[in-house]
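Subject: Handover of a structure

Dear colleague,

Please find the structure below, with a summary of what was found in it. I would be grateful if you would read the two together.

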Amino acid sequence: MKIIVLVKHVPDAQFDRHLNGEGYTTDRDESILSELDEYALEAGLQLAEARGGSKAGNQVIALSMGPAGAVNAVKKSLQMGATEGFHLTDDALAGSDAAATSLALAAAIRHIGTGAPVDLVLTGMASTDGETSLVPAQLAERLGLPQVTFASSLELDGGRLTARRDADTYSETVEASLPAVVSVTDQINEPRYPNFKGIIAAKRKSITTLSLADVGVDPSQVGRAGSWTTVTSAEERPPRTAGTIITDEGDAGIKLVDFLAAQKLL
Amino acid sequence: MAKVLVFIDNPGDALKKSSLELLTLARSLGETVVALNGDLNSGVSDEFAEYGVTAVYRPSSQDLDNYLVAPKAAYLAAAVEAAGAGTVLLDNSPEGKEIAARLGIRLGAGVITDVVGVDADGTAHKSVLAGSYTTASRVTTPVAVLTVKANNVTPEPAASPSTPDAVTVEVPGDSIATAARITDRQQKTATGRPDLTDARIVVAGGRGLDGDFGPVEQLADALGAAVGASRAATDAGWISHDAQVGQTGKTVSPQLYISAGISGAIQQKAGMQTAKVIVAVNKDAESPVFEIADFGIIGDLFDVLPQATEEIKKRKG
Ligand SMILES: Cc1cc2nc3c(=O)[nH]c(=O)nc-3n(C[C@H](O)[C@H](O)[C@H](O)COP(=O)(O)OP(=O)(O)OC[C@H]3O[C@@H](n4cnc5c(N)ncnc54)[C@H](O)[C@@H]3O)c2cc1C
């Protein structure tokens with residue numbers, strides 16, 4: 001099996017995050033592999049392992065798109081157990097919206113699939129920076145593949161995949177044929193930590209750098225030029241400040257109701 | 001006048017408030033037409049007329065509900081073309097966003113999600129990075145696709161009612177061939193409480209509840225509120241996963257968010273920090289939730305919540 005897992009290098013949400021410069025892109029200092037992509041990687045590794053792992057020809061390929069630093073997301077994926085990595089990087093990609101991102105990633109996936117076609121593309125449920133969840137569905141549309149989003153479980157049986165999805169008022173089982181694009185939630189598994197062996201092994205795994213020319217994309221189709229949306233202004237919200245803090249002296253419930261009444265919230 | 005197409009999925013007997021909000025917003029941007037999926041009952045038909053809808057498009061195929069979003073997006077793309085619409089509005093549910101995503105590629109149209117307001121010139125407003133920025137953005141393509149969050153528009157019928165035309169739209173067959181099929185669907189039992197994403201008040205509980213959501217539910221019911229939870233509480237199985245508020249759960253922006261027995265980890269804050277007023281009850285004065293609470297109580301939730309519930313009942317008489 002050939003599984004591609006999309007991994008994004010995103011600003012660590014534990015720190016203050018900033019939009020800056022032309023086009024209000026996110027500041028990518030202090031970036032990490034998006035936590036939500038670790039679930040997709042774990043899902044890919046488990047599917048490969050259940051089929052005899054890399055010895056049996058199962059590949060779990062980590063693909064990241066982004067500036068130089070984004071290669072770190074690929075490196076961490078290799079440490080966790082991915083067999084090979086690709087890093088699509090090009091100055092022209094800066095400021096790509098979801099549509100442009102999906103165009104570039106679709107081209108990279110087709111490129112990686114030359115020769116041996118890709119069976120499955122796995123992604124996290126959303127990036128932790130843009131948070132739009134648009135890319136998996138847009139990728140599926142561009143590649144002409146079925147999409148299964150927000151999978152909380154995933155099984156493969158030959159060429160068919162079965163997944164469970166949970167919505168507010170119902171939960172459902174869905175089936176699709178491979179190849180397909182699947183995004184997974186944080187309910188699907190518990191991602192592993194890279195161990196010492198994995199970290200050492202990762203040093204010997206290959207990471208291929210791809211440019212737009214390599215994957216046959218014209219620079220005008222991506223980046224700010226190729227995006228179909230543009231941010232015209234961004235304002236930082238004043239951070240919330242602490243209000244009144246009281247210690248319960250037996251009447252805090254009543255004081256709470258007084259507060260709600262004063263705020264006209266009853 | 002520019003046409004604005006609103007997608008409405010399986011309304012049942014009456015339109016949801018969020019659908020009425022979309023129709024109201026649409027009217028402020030141009031002539032409103034609807035692309036409907038599912039049955040058109042007479043109550044809904046009357047509401048369309050009341051809200052000034054000039055045409056209702058319906059799919060040629062009745063079984064779009066048996067698939068994940070691809071055929072719905074393909075149908076909608078055909079409806080947008082048939083109507084010549086310049087703007088498409090959808091609700092901001094996960095499914096609404098996915099349909100918007102695929103629709104955007106089909107039409108070569110920019111998509112903006114999580115929209116809280118749209119100006120007459122099409123500028124869309126939203127908040128990003130877990131509520132730390134508000135941005136204005138625009139779609140640069142001829143058609144704009146926007147998914148709009150609930151509770152940001154007051155529903156208002158049109159000044160004069162309309163008589164909508166009925167139009168059938170062919171659903172492209174290829175979109176069904178490559179779609180994932182839904183093979184089983186289990187309804188969850190309704191709680192009778194307001195829907196978490198659009199509730200005016202949310203009372204949320206965390207690990208501090210120690211398995212007993214009673215105090216949170218009773219306070220929620222006294223306030224007419226929805227019940228939310230931290231991931232620790234949903235992971236422990238004390239309450240269903242759809243109650244989770246936060247980065248991988250729901251984003252809520254209520255008038256009032258009461259957080260009880262929740263520490264306030266960054267992933268939890270991400271889902272609630274745009275609430276107008278935040279109240280926190282926690283035993284531990286060092287909990288990060290107190291950094292953002294408008295009113296914080298250092299105390300045991302098992303004392304504070306029941307006392308507040310009794311007091312509210314007393315005052316409401
Ligand atoms: C990728 C990822 C995504 C995540 N997404 C989410 C998300 O969407 N939503 C979310 O909530 N979390 C999310 N988390 C988890 C998050 O990091 C925290 O672990 C979680 O929010 C903690 O829940 P809690 O506050 O209920 O539990 P704890 O952190 O254990 O806090 C419990 C609190 O209860 C207080 N308490 C205990 N007993 C009482 C009492 N009797 N009275 C009053 N107070 C009491 C304690 O002082 C403590 O502050 C995510 C984590 C990851 C890694």
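In chain B, the centres of domain 1 and domain 2, taken over C-alpha atoms, are separated by 33 Å. Domain 1 of chain B covers 3-177 and domain 2 covers 201-316, with bounds that come from an automatic or database domain assignment.

Please note that this is a predicted model, in which local features need pLDDT of at least 70 and side-chain atom pairs count only at pLDDT 80 or more, while totals for chains, interfaces and linings use all residues. Residues are numbered from 1 along each chain as its sequence is written, chains are lettered from A and ligands numbered from 1 in the order in which they are written, and side-chain values use heavy atoms, with hydrogens and water left out.

The two domains of chain B

Contact here means heavy atoms within 4.5 Å. By that rule, 4 residues of domain 1 of chain B touch 4 residues of domain 2 of chain B. The area buried between these domains (accessible area, 1.4 Å probe, that two parts lose on being put together, summed over both) is about 270 Å², and carbon and sulfur atoms give 52% of it. On the side of domain 1 of chain B, the most area is lost by B:Ala130, B:Gly131 and B:Lys149, which together give 90% of what that side buries. Between the two domains of chain B there are 0 salt bridges (a side-chain nitrogen of Lys or Arg within 4 Å of a carboxyl oxygen of Asp or Glu).

About 7,000 Å² is buried between chain A and chain B, with 54% from carbon and sulfur atoms. In chain A, the residues that lose the most area to chain B are A:Glu141, A:Trp228 and A:Arg240, together 12% of what that side buries. There are 9 salt bridges between chain A and chain B. A:Asp168 and B:Lys250 meet through their side chains in a salt bridge, at 2.6 Å from N to O. The interface of chain A and chain B also holds 41 residue pairs in polar contact, both at pLDDT 80 or more.

The ligand

The ligand site is shared between chains, because residues from chains A and B surround the ligand. Of the 29 residues around the ligand (a heavy atom within 4 Å), those that come nearest include B:Arg207 and B:Ser263. A polar side-chain atom of B:Arg207 is 2.5 Å from a ligand oxygen atom, and an N or O atom in the side chain of B:Ser263 is 2.7 Å from an oxygen atom of the ligand.

Yours sincerely

Note on methods
Polar contact = N/O pair within 3.5 Å; in protein donor to acceptor, adjacent residues only side chain to side chain.
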